[in-house]
Amino acid sequence: MEALTGVSKQGIREQIWDYMESHDLADFPRPVHHRIPNFKGASRAAEHFPHLHAFSVARTIKVNPDAPQRNARFLVLESKKTLLVPTPRLRTGLFNKITPPPGATKDILRKCATSQGVRNFSVPVSLDSSVLVDLIVVGSVAVSEKVIRLCMPDPSSCTGHLCSPVLVGPESHEYRRLVSWRIGKGEGYADLEYAMMVSMGAVHEGTPVVTIVHDCQVVDIPEALLEDHDLTVDYIITPTRVIATGCARPKPTGIIWSKVSCEMLTKIPVLRSLREREKRAGKDVTLQAEPDSQCPAPGTIRRPQDIPQSRAGALGRSHSPLQGVDTQLAATVRVENLPSSARVRELKRALQELGAVPLRLTWQGPQHRAILHYADSAAARQAASRLQGLHLGANTLRVALGQQRDT
């Protein structure tokens, strides 16, 4: 794949998704936009997985639930190792243990490795479980293979830990130092899952991380885009290569609470439990600063059934700094031609990256549009200018000024 021109993580995602679709490299489910993309050859790529030394010595392996890793999940089960799969969006816990029925045949194990099988043949793993994860497989939209040192072809000239073989296999003669980080689909779950596993003591710095991708997803990702919560990988597996990155950049050492929003805490019960644990341990669990945030302190979070009926109806509506303000003074921007598959968080992420975050966002998905509310017409005009030419998926969004009540 040609060098990427995207200057943001989202720009790189869009180019990868577009390339895979336009070159017919994608596999079901399609389109691959806004997903960890399934690709033709994913099963073949996964066949390299059991040949890793890290696989052979592992007893418990966590594999993400996305389609391109289905064969990797099957190979873990076939090898009679313990398979852990994260729960979707972490809504019901951190991960489930897949438990095939006794005497399961290969066909049954393949069913257990599917998304339906994960639902039908699993039991939740509680935070109190003394589980130790020996190997992690994460999905990626893009992953880097960035050379920072090139050594002589003679392995004897490459000393110390600064050099690693690029290709794993008897034909490997080239030694060079790589750094490798990944970009997911933008929701942050893989990074958060890893941080949560660190917090509960399930992984440590030396736990290997593997990603399985198409060759076109291995690109040069600018180091400037890397953040302290981003997870690096130790092995990149493609249909044609196994790359041992030898990446020495430290992995996240736990949950960075200052990057966790109240919205995330509300949606992920296990995250709340971990926050309460770390609060009791004396750690700083201050959350991401948000305008007019009313996020409860640890131990004070109320379940929906505890909320008075008079307030319950308001939970489904968006909250914003405009509450209590005369919204007739607000200026708006209309964003239209949203893809049918678009989600509000994708638009919010794009707005944040472009520096056009509104005071309030009204999502009108069935009409393929959203209304952005700003404090005044100057802010609205600036946002509209920054959003011109914005893409979500295959759609170019139509952006226009709406009501301008302050003029």
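In this predicted model, His 34 is found in the loop between α1 and α2. The phi angle of His 34 is near 70°, a positive value in a residue other than glycine. Is His 34 buried or exposed? With a relative accessible area of 10%, His 34 is buried, because a residue counts as buried under 20%. Asp 24 is also found in the loop between α1 and α2, and its phi is near 55°, again a positive value in a residue other than glycine. Asp 24, however, counts as partly exposed, at 39% relative accessibility.

Which kind of peptide bond runs from Phe 28 to Pro 29? That bond is cis, with omega near 0°. Arg 30 and Pro 31 are likewise joined by a cis peptide bond, for which omega is about 0°.

Strand β1 comes next and spans residues 60-63. In a regular strand the side chains alternate between the two faces of the sheet.

Which strands pair with β1? One is strand β2, residues 82-86, which pairs with β1 in the parallel sense over three bridges. Strand β5, residues 135-138, also pairs with β1 in the parallel sense, again over three bridges. Ile 61 takes part on both sides: its bridge partner in β2 is Leu 83, and in β5 it stands opposite Leu 135. Between β1 and β2 the chain passes through helix α4, residues 70-78, and these three elements make a right-handed β-α-β unit.

A pair of aromatic rings is described by the distance of the centres and the angle of the planes. How many aromatic pairs are counted here? The count comes to one aromatic pair. This pair is formed by Phe 49 and Phe 55, with 4.8 Å centre to centre and 70° between the planes. The arrangement is edge-to-face, because planes over 60 degrees apart count as such. Both partners are hidden from the surface probe: Phe 49 is buried with a relative accessible area of 0%, and Phe 55 is buried with a relative accessible area of 3%.

Phe 55 has a further contact, as the charged end of Lys 81 sits over its ring, 5.2 Å from the centre.

Rolling a probe the size of a water molecule over the atoms shows where empty space is left. The second largest pocket holds about 260 Å³ of space. Of the 16 residues that line this pocket, the closest to its centre are Ser 8, Gln 10, Leu 354, Leu 390 and His 391. The elements that give two or more residues to the lining are α1 (9-22), α11 (344-353) and α12 (377-387). Which element gives the largest share of this lining? That element is α1, with four residues.

Gly 355 is found in the loop between α11 and β16 (360-364). At 42% relative accessibility, Gly 355 counts as partly exposed. The C-alpha atoms of Gly 355 and Leu 387 are separated by 9.3 Å, although the two residues are 32 residues apart along the chain.

Turning from pockets to cavities, how many cavities of 30 Å³ or more does the structure hold? There is one, and the largest cavity has a volume of about 30 Å³. The largest cavity is lined by Lys 9, Trp 181, Arg 182, Ile 183, Ile 221, Leu 225, Leu 226 and Asp 230.

Definitions and conventions. Residues are numbered from 1 along each chain as its sequence is written. This is a predicted model: local features need pLDDT of at least 70, side-chain atom pairs count only at pLDDT 80 or more; totals for chains, interfaces and linings use all residues. Side-chain values use heavy atoms; hydrogens and water are left out. Buried means under 20% relative accessible area, exposed over 50%, partly exposed in between (1.4 Å probe, protein chains only). Two strands pair if DSSP finds at least two bridges between them. A crossover is right-handed if, with the strands pointing away from the viewer, the path from the first strand over the helix to the second runs clockwise. Rings of Phe, Tyr and Trp (its six-membered ring) pair if their centres lie within 6.5 Å; planes under 30 degrees apart count as stacked, over 60 as edge-to-face and the rest as tilted. A charge sits over a ring if NZ of Lys or CZ of Arg is within 6 Å of the ring centre and within 35 degrees of the ring normal. On a 1 Å grid over the protein atoms alone, a cavity is a set of points where a 1.4 Å probe fits but cannot get out, and a pocket is an open set with protein on both sides within 12 Å along at least five of seven lines; lining residues have an atom within 4 Å of a point. Grid points are joined across faces, edges and corners, and a volume is the space filled by probe spheres set on the points.
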